[in-house]
Every structure is written in C-alpha cells, then in structure tokens.
Amino acid sequence: MPTKRLAQRSAASNSLETSLWELANFTPKQAEAWQALMDFDYVLYGGARGGGKSYLLRWAMLLYLEKIFRTTGIRNVKVAIFCEDYPTLKDRQITWIETEFPSWCGELKSTKADGLGFHLHPDLGAGVILLRNLDKPDKYKSSQWAAIAVDELTQNDYKIFGKLIGSKRWPGLGFTKFLGTTNPGGIGHLWVKDAWVDGTFQGHPELKKKADQFKFVPALLDDNPYLPPEYRADLELQEEKIKKAWLYGDWTVFEGQVFAEWNPELHTCKPFEVPDYWIRRRAVDWGYAKPWCTLWSATDPDTGRMYIYREAYGTGLTDQRQTQIIKQHSEGEEFKVSFGDPAMWQRKNLMGIVSSTADEYSKNGVKLTAGDNDRASGKRKVHRALANLPDGLPGLVIFEKCKNLIRTLPALPYDETRVEDVDRSAEDHAYDTLRYLLSDLAKPPDPGDNTAQLAWERKARAIAEHFK
Ligand SMILES: Nc1ncnc2c1ncn2[C@@H]1O[C@H](COP(=O)(O)OP(=O)(O)O)[C@@H](O)[C@H]1O
Ligand SMILES: [Mg+2]
C-alpha cells in the first residue's frame, strides 16, 4: 500500500479547501470527474482497471462534505460510500481511508447511531462519510444522504440503484449527488451502459427525464500514473478480448459475458425484403409486468442462414393486445411454426373458467406450439446459431431494427452460482424468445469441457480472481 505524505494542518497552511485539494492530488482524469460531479447529479467514472476509481470515490466524498460546509454552513451532513459486500468495502475503502485521510480532518470510527464512518472534525462541519455494504439494501429505506457513492456499480442490479436514490436527499440542501465507479461487466453491466455510456435509457425510460444530469467520465489504466508498471505488463499479456475490456475500457466485451463471440458488424444487418419462399418462424416469451417479447425469423433455404427480421417488445400488454400486435405484423406471411414459452400452457382458474395464456392466444387466432425450455441445450443452440456457416459468415443475423435483442443478447452475464447458465436476473426476455425460436433445431451435442468458449471463460475467470 503506497504511503501518502500527510500534510500537518498548521496556522500558516493554505485554506482548508486548498490543503485538502492538494492532499487529494487528483490525476487530471479524477479532477475531471470531480468537476463533473459539481456540474451533474449522476456521474459515472471508470471503464477500465486501475484507473484510480476507488481512490476518487473516497476523496471526492471528503472534498464534497468540506465544500458543502464551506459554501452553505450546513453541519452534520451525511454521505455514504457503498460496496457490494463487507469484504470488498474493507479491501477497497476502509483500509485505505485509515491510512490516507489525515487525522486533523477527522476520525474513522463506529458509533451506535451511524455504524462505521469517517467523522469530519467539527471545524470542518462534522459531516460523516458512512461506509456501507449492499448485502441488504432494504435496511436503508428510511435513510437519507446528501451524496451516494457506489464503487463497482455494475456489481449491482438496477433495483439496488432505485432503492439507493430513493434516499438521495438532504434537508436544506438544494442539490444532492450520485457518483458511481466501475469496470464493464457484472450483473448491472447493461443498465449502467444504457444510462451512462450509451445514454439511450432504453431499459429504464423513467430515467430519461433526468438524461441531461447523467455524465460518464471514462478513465483508462493509463490515466493513473500511480500504478506499478508491472500491473500494466501483466494485463498486456492477456488475450485481445480481455485486454479490450480491462485496458481499453471497451463496453462491448466484458468478463463473464456469455455471448463473447458477438460481433455487431457480422451479427446484425440492414433490413431487406425477405423472399416469400424463405422459412418463417415466430416465438413468444410471455410477460406483463416484465417485458413480453416476440421474434420473427426467416431462414434462407439455400444457405441455412437464419435472419431475425422483426421483434415486438413491451410491458403492460394484455394477452389480447399481444395477439393483435403479432397478427398485425404477420399479415400476409406464413409460418412453419410459432413457439411459445411452455409456461403459457399453465392453466388458471378465473371465476370458474379454466384456461391458459396459450388458450387465450389460440382464441385470438395465434396458435402456438410449446417451445423447448431446456436452458443448457438452448444456450448451446444460440452459440451454434451465432457461429459461422461454411461460407465463413454467422448462421444468425439480426435486422438492425430489432433493438432489444441486439441490446440485451451481448450484455448477458453468466450466473455466479450455476456457472454455465445465463444469469436469470439479467434482462433475458429477448434471449429466452430466441431460445424458443430455435426449439426445432437439432440439439447440439454437449461440448464437454473442450470448446474454445468454455476454455476462454474459465481462463477469464481465473485471471479475474487473480486481479481481485
Ligand atoms: N490521485 C492519486 N494519488 C495517489 N495514488 C493514487 C491516485 N489515484 C489512484 N492512486 C493509487 O493507484 C492504485 C489504484 O487505484 P484504485 O483507486 O484502487 O484503482 P481502481 O479502483 O480503478 O482499480 C491504488 O494504489 C491507489 O492508491
Ligand atoms: Mg477499485
């Protein structure tokens, strides 16, 4: 752990603000992130390994509390730093705060009222930087913080973010802040990328009204001069894919990505007129509160290449509305088969009338066949479909307009416990629909442990462990 030369506060020293700022000693990128935090309410810093993210987080919170007291005079303000669990909080923050923060500016201690936190000196306004983990975010329901700082934000799903920002408020203060730091990858990869990196807010349109308050400050390994050169040398040895994410902060590839073979240049295409004689299929993944998805595919019988040429995606649609949409879009087209999520055949008793969603669909003129819901073979089929045909191009190509499938498929992470499966808590509705769509494809053989994909995954995981 590098030791920092800690300046002693003296009567002759510069103002507190200047001495804290000098002590923070931000790199130009970190300074840019700090400035962004002054100008925007939701700031994300990072993108690659070692960019000085965890460092920025704690020093930004210290400077922020000092600034609030200096500019408003409000005392006892609380901000909070979060990590996903206690061990990561201790590793990335607590031990560093102990050695880096000068004793004249406050004290790290545990109190009955506040738990563990760094308490600023009364001369600095007696604010507190609370140090918290996110094992049980519900316990923070009635809390309030003037700033929320989350380290490795993509380790958290959107629900946690929603819960935290419910507590982003402070009486008498006209502004409150959110600061996240992160690498690509993890359960929250998609929503974080959506909101800060791409700025599309597709998954969470409710954030759109605050779009002008979101700011991403990318930082690469090279932006941190304090790392030993061996660290970079170690990363340089990794294969291109890992380097892309870890060194260059490429958000299209990440650790734990299931469909790492995804290449938007090859797997997507501009829409074209699909010939009538191509073999068409449809598949439906049912949803109401969560998204409902339908995909339409057409296979070129000459090459065997399958194109996804249409998608419908939405929430809050009744069965009747869903079937209306499917029929409207399918007019004049013929389908070899239309698959549905097998759960759609579950019978429900509604005031004495026993029926299923599949019955409802059928009544409305959309006849479905139960799709194959074997998750392991379904995932292998998707891999096989994405792989190249003998002509050297992928067997599955998606029309650019199928935005949700294109957005969510490459962002799916592996499940941490069932390690060969897709994480079911990720946005997987278009993926599930794609699995159903491939139901009548012959089951690919179990690849055992020898496929390049699995070997790559194992390797990436081992390396990730090493760098934790
Ligand atoms: N401005 C800085 N001044 C001094 N050391 C820094 C600074 N920024 C980062 N470091 C050091 O660089 C190393 C990596 O920083 P860290 O914040 O842990 O990176 P990340 O969280 O991005 O992986 C740590 O040893 C940290 O103390
Ligand atoms: Mg870190």
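User: Which residues of α2 are buried?
Analyst: A helix is taken as a DSSP run of H or I of at least four residues and a strand as a run of E of at least two, each numbered from the N terminus. A residue counts as buried if 20 or more other C-beta atoms, placed from the backbone, lie within 10 Å of its own, as exposed if 12 or fewer do, and as partly exposed in between. In α2, the buried residues are Lys 29, Gln 30, Ala 33, Trp 34 and Leu 37.

User: Within what arc do the buried residues of α2 fall, seen down its axis?
Analyst: An α-helix has 3.6 residues a turn, so residues three or four places apart point the same way. The arc is that of the directions from the helix axis to the C-beta atoms. The buried residues of α2 line one face of the helix, because they fall within an arc of 145°.

User: What limits apply to this model, and how are residues, chains and ligands labelled?
Analyst: The model is predicted, and local features need pLDDT of at least 70, side-chain atom pairs count only at pLDDT 80 or more, while totals for chains, interfaces and linings use all residues. Residues are numbered from 1 along each chain as its sequence is written, whereas chains are lettered from A and ligands numbered from 1 in the order in which they are written.

User: Which exposed residues does the face of α2 turned away from its buried side carry?
Analyst: On the buried side, the cover includes β1 (42-47), α3, β7 (177-182) and β8 (214-219). The face turned away from that side carries the exposed residues Pro 28, Met 38 and Asp 39.

User: Is Ala 146 buried or exposed?
Analyst: Ala 146 is found in the loop between β5 (128-133) and β6 (147-150). Two residues are in contact if their C-beta atoms, placed from the backbone, lie within 7 Å, and, not counting residues up to four places away in sequence, Ala 146 touches Ile 68, Val 77, Lys 78, Val 79, Trp 170, Leu 173 and Thr 176. Because 23 other C-beta atoms lie within 10 Å of its own, Ala 146 is buried.

User: Which helix gives the most to the shell around ligand 1?
Analyst: A residue is near the ligand if its C-beta atom, placed from the backbone, lies within 6 Å of it. Ligand 1 is surrounded by 15 residues, the closest being Gly 52, Lys 53, Ser 54, Tyr 55 and Tyr 226. With three residues (helix span 53-72), the most is given by helix α3.
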